Each structure stands twice: as C-alpha cells, then as structure tokens.
Amino acid sequence: MSEDLTQKLPASDSDKLTLIVTEVQRLNIKQDAMQERLDRVAERLQGLNQKVEGLDHRVEERLQGLNQKVEVRSQGGGATARSQSKSGRARSQSGGATLRHQADMGKTS
C-alpha cells in the first residue's frame with residue numbers, strides 16, 4: 001500500500017468519479033458481507049452463552065445439593081460414622097472368633 005495510487009487514475013474527471021463510485025460500491029458490498037458474518041457469529045455466541053448459563057445454573061443447583069448433604073452428614077453423620085466403625089470392629093472380632101473356632105475344630109479332627 002505504499003505505492004501512489006493517484007498515478008493510476010484515469011485522466012478524465014468522469015472516469016475518476018466512475019472508478020471512485022465503483023470502488024465505494026465494492027467496499028459497501030464487502031462491509032455488508034462482513035456485517036452478516038458478524039451477525040451470525042453474534043447469534044452463535046448468544047446460543048453458547050445461553051448454554052453456559054444453563055450449565056452454570058445446573059452446577060449451582062448440584063453444588064447446593066452437595067453442600068446440604070455435607071452439612072447434614074457433618075451434623076448427624078458423626079454418630080453414624082462412629083456406630084459404623086464399632087459395628088465393623090464387632091464383625092471383625094466375631095470373624096476372628098469364627099476362625100479360631102474353625103482352627104480348634106481342625107485340631108480335634
């Protein structure tokens with residue numbers, strides 16, 4: 001674009017005006033095409049934004065549900081966890097007694 005384009009213009013004013021008007025029309029067509037493409041991109045971005053907002057809403061709902069579950073477990077779940085660990089110990093101790101019993105039975109046979 002560093003060359004002097006005025007030297008390529010026709011000699012007559014009428015031809016110059018015709019060239020200028022033609023170039024302006026060509027630029028208007030290009031600008032309209034670019035505007036249409038930008039409008040389509042904007043529509044796609046709006047669609048994507050709606051999807052993201054929907055997903056964000058779902059994530060927020062799930063996060064609230066998880067937070068509620070954590071809070072319920074932290075308030076009442078401590079006793080449940082302790083009772084489960086005690087029952088697990090009782091099962092393992094009774095399992096040990098069963099194994100000892102089976103070993104004793106093997107000695108006598």
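The structure holds 1 salt bridge, a term for a side-chain nitrogen of Lys or Arg within 4 Å of a carboxyl oxygen of Asp or Glu. The model is predicted: local features need pLDDT of at least 70 and side-chain atom pairs count only at pLDDT 80 or more, while totals for chains, interfaces and linings use all residues. Residues are numbered from 1 along each chain as its sequence is written, and side-chain values use heavy atoms, with hydrogens and water left out.

**Salt bridge**
- R26 pairs with E23, and their closest N and O atoms are 2.2 Å apart.
- Both R26 and E23 belong to helix α1 (residues 13-108), where they sit 3 residues apart, about one turn of the helix.
- R26 has a relative accessible area of 38% and is partly exposed; E23, at 31%, is partly exposed.
- Buried means under 20% relative accessible area, exposed over 50%, and partly exposed in between (1.4 Å probe, protein chains only).

**Fold and surface totals**
- The chain has 1 helix and 0 strands; helices (H or I, at least four residues) and strands (E, at least two) are DSSP runs, numbered from the N terminus.
- Of the 109 residues in the chain, 0% are buried.
- The accessible surface of the chain is about 10,100 Å², with 57% of it belonging to carbon and sulfur atoms.
- Areas come from the Shrake-Rupley method with a 1.4 Å probe; for residues, only the protein chains shown count as cover.

**Surface patches**
- Patches consist of residues with over 30% relative accessible area and no salt bridge, joining like charges within 9 Å and nonpolar side chains (Val, Leu, Ile, Met, Phe, Trp, Tyr) within 5 Å.
- L17, I20 and V24 make a nonpolar surface patch of about 280 Å².
- I20 is part of helix α1 and is partly exposed at 46% relative accessibility.
- A surface patch of negative charge is formed by D32, E36, D39 and E43.
- Asp and Glu count as negative, Lys and Arg as positive, and His and the chain ends are not counted; the charge is placed at CG of Asp, CD of Glu, NZ of Lys or CZ of Arg.
- E43 lies within helix α1 and, at 54% relative accessibility, is exposed.
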